Amino acid sequence: MSGTNLDRRGFLTKSSVAFAGLSIAPGMILFDLAQAHPLGDAVSSKVRWGMLIDSSKCESGCTDCVTACNTENGLSGGVKATDSQWIRKVELKDLRTGRTTFLPMLCQHCEQPPCVDVCPTAASFKRADGIVLVDKHLCIGCRYCMMACPYKARSFVHENLTDQKTDVPRGKGTVESCTLCVHRVDKGQNTACADACSKAGHNAILFGNLNDPESEIAKRIRAVATTQIRADLGLNPGIQYEGI
Amino acid sequence: MLAKSFARYETRYFYALVALGGLIVAMGLMAMHYMEEHGHIVTGMNNQIVWGMPHVFAIFMIVAASGVLNVASIGSVFSKAPYKARAPLAGLLAIALLAGGLTVLMLDLGRPDRIIVAATHFNPTSVFAWNIVLYSGMFTLVGLYLWTMLEKRMNPWSAPLGFAVFAWRIILTSGTGMIFAFLVARQAYGSALLPPLFIALSFAWGLAVFHVVQSAMYAWNSQTQDPAILKRMKNLLGVFVIGSLYFVAAYHMTNLYFAKQTAFEHFILSSGGIYPVLFWAGYVVLGSLLPLLLIFLPGLGQIKCVVAASLLVILGSFALLYVFIIGGQAFPLSIFPGFAASSSFGDGQIGSYIPSCPEILLGFGGLGVAFLITIVSVRVLDSLPHDLPSSKN
């Protein structure tokens, strides 16, 4: 009778150890994975992501950056007033000279973003590395950020969504805008629009770290005259232009 | 004879009004459900006109809610007896209108189910978030104020609370103006004139609502208003309408003087289709000048004229808000000054907006909420103004 009890005790002990191991192991693996890519390294104010867009290289008929953005982020590509457009091609005609230029327009990832200031729930936020994002779990869909954005960079999801990308969460009734391909940037990749522009042979979009003096973008900004759109507002956008 | 038959069926009429209010609220809720189910695609709003008819209704009610308290403030803060007698009704109307306005504002959200997030996550730099605090505080303060007025033992606290409510409502309406004043890049907004403009408008709109409700209550109870008090209150409405016109004129004159704003002013005041029509015919003529004639023209100014003037002021307020909110967004943002811009996203183009049935029903649903709260509370609580025969100051 006592032997049976010992066997039972041993069985319970071994089962408990095995159960504990099974419970803790996945967590330990996740912990290791997290340690392999510390978040602090990925998002730091030592980095400020930005773009330099050369409008003189932006070809009139080309919309590859727009198509690449739509594909990457699972946007429909529709151009109704209610469709989301995270990047758009703008044609500019100088009112004095009549000169025409083209440029892609997207969220300018401001250093002082008005959308972040006005958001009542802090759903709009700026990461330490300068990328301005919307937390889809906090956005209540009040659209005040859209009223505040000087660049008309934000879209509201007006209808049900299908075929979303797992890397790019979106939600009906919330506001969204260019994420500067944060899911790619965090993996050390370029933005989809910049890649598409290079692939098309135009190289109008240069993406990089504005804070690194040795980066290609920082060197070019030092070398050529660049423009920030609505610089008079003092928002210090991370997206800069040349050739306007 | 007519009064006798009305008195006999008075309870039935009351329940008929409650049913009517309930029906309007139900229609508003159905509209909201339809909008939430399908998304804002079923409204006239889009990525350029992001705030539409629901905001016109909501802002009217929120601004009028603050303005109607003016009647109470004149009584409590400035110790004017005729207004003191009207303070309970003013307090009830303020709560009713605020509730109606906030209902519309909340139910128009893209995610109304997440409204609790607005309470759990607070961004201190957001004027919207400040307003959430201001609205909650307003309900509390006006509730306490009503308590001090309706409960005899609490009467001594009525004056200090009246003063607190007065201060709070001035800040609240400034906050509503700041929602627009803090928009850095929009030609229609971003002006320090907007908070005082909203305060002036609130005085006129709130008093207009008060006149309509008060007159309806007197008629319902087969009583007549003291002509001396009516004269004072209609003159006050006239002064507030003139004050509003002054601020609206100052706002447009300032814009007209700045070269960078003249294109916008030309659009709103002259070339913008529906917007100039609503501004001049709706707000200026029907909503301001005609009421002023009805109030001040010799031979006019009787109760019917005052009610008509008040209804016209309310009509004009909707016209002005439509022009301000929707017209202000329809004019394209000046993203590239010095350039003519065009794109697939409406750059450089006038935004189009056609209000849809669900959003209008939602707006009326908010009015229904205010109406229901008003008729039930004025019946339950003793809020009919009782003027003392000697109340002349």
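Of the 182 residues in the largest nonpolar core, which touch the most other members? They are B:V68, B:L93 and B:L97, and the views below begin with them. This is a predicted model, in which local features need pLDDT of at least 70 and side-chain atom pairs count only at pLDDT 80 or more, while totals for chains, interfaces and linings use all residues. Residues are numbered from 1 along each chain as its sequence is written, and chains are lettered from A and ligands numbered from 1 in the order in which they are written.

View 1. A nonpolar core is a set of buried Ala, Val, Leu, Ile, Met, Phe, Trp, Tyr and Cys residues joined through C-beta atoms within 7 Å; a residue is buried if 20 or more other C-beta atoms lie within 10 Å of its own, exposed if 12 or fewer, and partly exposed in between, with C-beta atoms placed from the backbone. Helix α3 (residues 53-76) of chain B supplies the largest share of this core, 16 residues, where helices (H or I, at least four residues) and strands (E, at least two) are DSSP runs numbered from the N terminus. When its neighbours within four places in sequence are left aside, B:L93 is in contact (C-beta atoms, placed from the backbone, within 7 Å) with B:V68, B:V209, B:F210, B:V213 and B:T374.

**View 2. The two domains of chain B.** Domain 1 (15-41 + 48-185 + 358-380) and domain 2 (192-334) make up the division of chain B, with bounds that come from an automatic or database domain assignment. Their C-alpha centres lie 20 Å apart, and the contact takes 33 residues from domain 1 and 29 residues from domain 2. On the side of domain 1 that touches domain 2, α3(B) gives the largest share, 12 residues. The residues of that side divide into 22 nonpolar, 11 polar and no charged, counting Ala, Val, Leu, Ile, Met, Phe, Trp, Tyr, Cys and Pro as nonpolar, Asp, Glu, Lys and Arg as charged, and the others, Gly among them, as polar.

View 3. An open sheet of three strands runs in the order β3(A)-β2(A)-β1(B), with antiparallel pairing; two strands pair if DSSP finds at least two bridges between them. The edge strands, each pairing on one side only, are β3 (100-106) of chain A and β1 (339-342) of chain B. Strand β2 (residues 87-94) of chain A and β1(B) pair over four bridges in the antiparallel sense, and here A:L92 stands opposite B:A341. Between the chains as a whole, 42 residues of chain B are in contact with 44 residues of chain A.

View 4. Helix α3 (residues 64-73) of chain A lies across β2 and β3 of chain A, running at about 160° to β2(A), an angle on a scale from 0 to 180 degrees between N-to-C directions, with axes as lines fitted to C-alpha atoms, for helices over the stretch in contact. Seven of the 10 residues of α3(A) are buried, so this helix is largely enclosed by the rest of the structure. Among the buried residues are A:D64, A:C65 and A:E72, and the buried residues pack against β2, β3, α7 (192-199) and β8 of chain A. A:G74, whose phi is positive, near 70°, follows α3(A).

Definitions and conventions:
Two residues are in contact if their C-beta atoms, placed from the backbone, lie within 7 Å.
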